[in-house]
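User: Please take a close look at a single part of this model. I would like one connected account of how that part sits among its neighbours.

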Amino acid sequence: MSMEDYDYLFKIVLIGNAGVGKTCLVRRFTQGLFPPGQGATIGVDFMIKTVEIKGEKVKLQIWDTAGQERFRSITQSYYRSANALILTYDITCEDSFRCLPEWLREIEQYANNQVVTILVGNKIDLAEKREVLRQRAEDFAEAQSMLYLETSAKESDNVEKLFLDLACELIREAKQNKLDNNDTAPMPGEGKTISYLSCCSLN
Amino acid sequence: MSAPILQLSTDLYSLDPSALTLTLTNNSCYFLEVVKRWKLIICFVVCSLQKEVEAELDRLVGQEGTIHTKMLALQRMGPNLQLIGGDASQLSGMITFTCSLAENVSRKVRQLDLAKTRLYNVIQRADDILDLKFCTDGVQTALRNEDYEQAAAHIHRYLSLDQSVIELSRQGEESSAVDASLVMLQEAEQKLKVIVAEKLDEAVAAVDLAQVERFFKIFPLLGLHQQGLARFGQYLCSQLASKAEENLLLATGGDLGEKRALLIFADTLTLLLEGIARVVETHQPIVETYYGPGHLYTLITHLQQECDKQAQKIVDKFIQQRGYHNKFQIVQSSMMKSVPGERIEPRYVCVELDPVLTEVTLMNARAELYLRFLRRRMMADFEVGDAQSITQEHQQNVEKLLKHCLLSRTMQELIGYYIPMEEYYMRESVNKAVAMDTYEKGQLTSSMVDDCFYIVKKCISRALSSSSIDCLCAMINHANSVLESDFREVLYNKVRQGFPATTLQDIQRGVSSAVSLMQSSLQQGKFNTLGIESAEHAKAAFLNDCSKLFSQGGGSGDQAKIESCLSDLVNTSTKFKDLLQEGLTELNTTAIKPQVKPWISSFLAISHNIEEEEFNDYEANDPWVQQLIVNLEQLMAEFKAALSPVIYDTLTSLMTSLISIEMEKTVLKCSFSRLGGLQFDKELRSLVAYLTTVTTWTIRDKFARLTQMATILNLERVTEILDYWGPNSGPLTWRLTPAEVRQVLALRIDFRSEDIKRLRL
Ligand SMILES: Nc1nc2c(ncn2[C@@H]2O[C@H](COP(=O)(O)OP(=O)(O)O)[C@@H](O)[C@H]2O)c(=O)[nH]1
Ligand SMILES: [Mg+2]
């Protein structure tokens, strides 16, 4: 692993109802395309993209999960080791917004407590069909202390920004963690407080 | 210029094939004669036209030569320019005329050519119409004789005729006659379609495979591919259904052997899927031969509907009889932390879960195998048609059929329940192994670690046997979680609690259990690589299996998934190694150090301010080092027996460091005579010689400072140090600072402090 050419490795997991555009967001970011008529995701898909941020190579492992209930137990197993979660809903679908608390409960239950969560409202190209007002989503995100961003996978709006902002935030936290850990020498067994972030940063 | 010939060709050009057609239907022999003659005429016309044009061109070219000479003459004639002008314009006119003449001729030739092509079409159509008559007659006879194959062949010929010919035929004078025969044909076609459908239905009802196949082959001749495949599919489905129902009845009713009973639903599903695979295999040739390539997909679509239905029945029975959902609920509520009220003893839950989990993974593996088989067959069938033309659409249809069929969804659901149950099984079994782990006196190893890793390995293997990559990855993730957080914590706490350091006995106990924990942790390291290796094998096998199917890049995606999940497991094993290192350091300081330290400080009690007599005494009766070696030997023997070689080596390394540091401290508290220094040198050599035999590490380096101290304590005079110092040090690298050298020199009671101070180091 240390042979590989990167400074940071982060795991990002996309979650949210089926059909909100998770797969499209990932494809747009990793392959630069908007896939026409691909079927619903089965289980989880895995993609990698390495980006450079302020001269540092950051490898992003992106896990795209299926939204349907029957895949829930598969996707849940990825929460724990995730550095960041992208919780996605569709701004033209009130239902996908109303399911967010349920997703937050999943996060609460399975994710590690250092995980960075960002709420994403996708499909802003369909402005005329909008059902969830921006202000409402922003308020919700703030109440849950999440970041918030609106995107369009189709028009490639904010997609790059979404992943790059996330990478920046993760680097910031990783650096912070390293400082903290140096202050108080970490003890083994306190595994839960040792940051996953610092574990995967390489020097 | 012969006008009549050109005229003739123009007539020919305006010839209307439909006009000909009219005559044709009446008297075909006569017509063929006419056609032959026309052909001759056309050839003749074309030839003579060509000759004429050539002659004309030759003539003109000849004229051109003359004109050219004339022009030269004219040029010479200078003053007669006006004349030349007239001649020139005349010439130009003539050339233009020639040109248009040539063009005219060539256009005529083209027209002739077109006429010829049309004539050939006419002949072709005449043939068709003759066939039409032949079909009309033939189909009647064949129907009368119940020769349906022959009748269908006639209809097939009729259907492949050019519809426009038929339309044209109906517009002519003899339209009524043609219409009549057409009506007859169409009637025959309808009649045949009905008969064949009826016959096929009859054969299906009678379960007469020979007849079913006979009429199945006739459908494509009548252009009824879809209908034929649907009816045939229906027949095959009813066969499958009755067999499946029989099997399910056997499975749920009869008394089965103990062993078979545990996997009866997986077995029943296997029978169903194998049955369908066999049907596909058996009938694929007949479909390909009579329906052409690319139609297997349609047949499988029909079969899959029955498969879905029957598989669902089996799974429903499985869920019901095994209490699958019920078990899931128990697990679910058990995993929720604080559930009030009665909690079912996990041990019983686990015992019941074990066989069901195995059965589910087997069911999924069978389904995956079956779906892979179908995919392979369908793609091969498309490829037979045209390897290049396997379109995106074909691929997508196949994927859609396989990934979104009810069988797939049902299996996904089963696996969805399986994962939390397997996770629960793993966690609870690990908990149990930890709880049951009690230290027994005299026992060096604990079963707990081995048990835990056995369980984790078992669960991952079971997930692997499901053939579902997502399922495997999910279980690797859970295993990682159990090992990294829960289990590591338990180990860590044990290490911590293992060293109360009150009495030697306690320490010994702590050491022993810690030793075994450490040892097993290292074995865990081995397990990890083992696990990875076996997963690598499985992965290789998987990918081999799937390589053809995932040729679009899905394969590499799956590989990346497994690799990523496994690398997390590798990270965990690194953390275990860190824990081991820490534990060993702890072991050294809390268990070894308290014992070794007094053995070394007993050195203080042995005077090294000695004369000849005592030196000889020591020679005969070793006062210290032999006892130290014996003690160390005993201590290390215990470790050596209990520890794996790698851990033992790490521990001895830590111990030798400890010894050298303690020795150094002790020596600096002593005073030495010349012979005392020699005595110390001898003692140190014995100790180093012994330690060299018990470890593979190089001891000399760790004892370099002590060895140098011994050298100093052995000097004759203070200034002798200069023979070894600075430029005279040769290969020796001093590990002692000048201050330390002075400090050691001062230990010699016979060295004067002024001499030591005066040294220039
Ligand atoms: N207009 C529009 N449609 C989108 C956008 N993102 C995804 N979609 C469509 O939404 C549907 C579901 O997308 P998908 O990525 O499969 O959703 P997933 O189930 O969350 O992975 C597809 O038909 C996409 O074409 C977007 O930004 N704008
Ligand atoms: Mg998707």
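Analyst: What follows is about strand 5 of chain A. This is a predicted model, in which local features need pLDDT of at least 70, side-chain atom pairs count only at pLDDT 80 or more, and totals for chains, interfaces and linings use all residues. Residues are numbered from 1 along each chain as its sequence is written, chains are lettered from A and ligands numbered from 1 in the order in which they are written, and side-chain values use heavy atoms, with hydrogens and water left out.

Strand 5 of chain A covers residues 116-122, and seven of its seven residues are buried, so the strand is largely enclosed by the rest of the structure. Buried means under 20% relative accessible area, with exposed over 50% and partly exposed in between (1.4 Å probe, protein chains only). Strands (E, at least two residues) and helices (H or I, at least four) are DSSP runs, numbered from the N terminus.

In a regular strand the side chains alternate between the two faces of the sheet. Here both faces are covered: one side carries A:Val116, A:Ile118, A:Val120 and A:Asn122, the other A:Thr117, A:Leu119 and A:Gly121.

Strand 5 of chain A pairs in the parallel sense with strand 4 (residues 84-90) of chain A over seven bridges; two strands pair if DSSP finds at least two bridges between them. Within strand 5, A:Leu119 has A:Leu87 opposite it. Strand 6 (residues 147-150) of chain A also pairs with strand 5 of chain A in the parallel sense, over four bridges, and A:Glu150 of strand 6 stands opposite A:Gly121.
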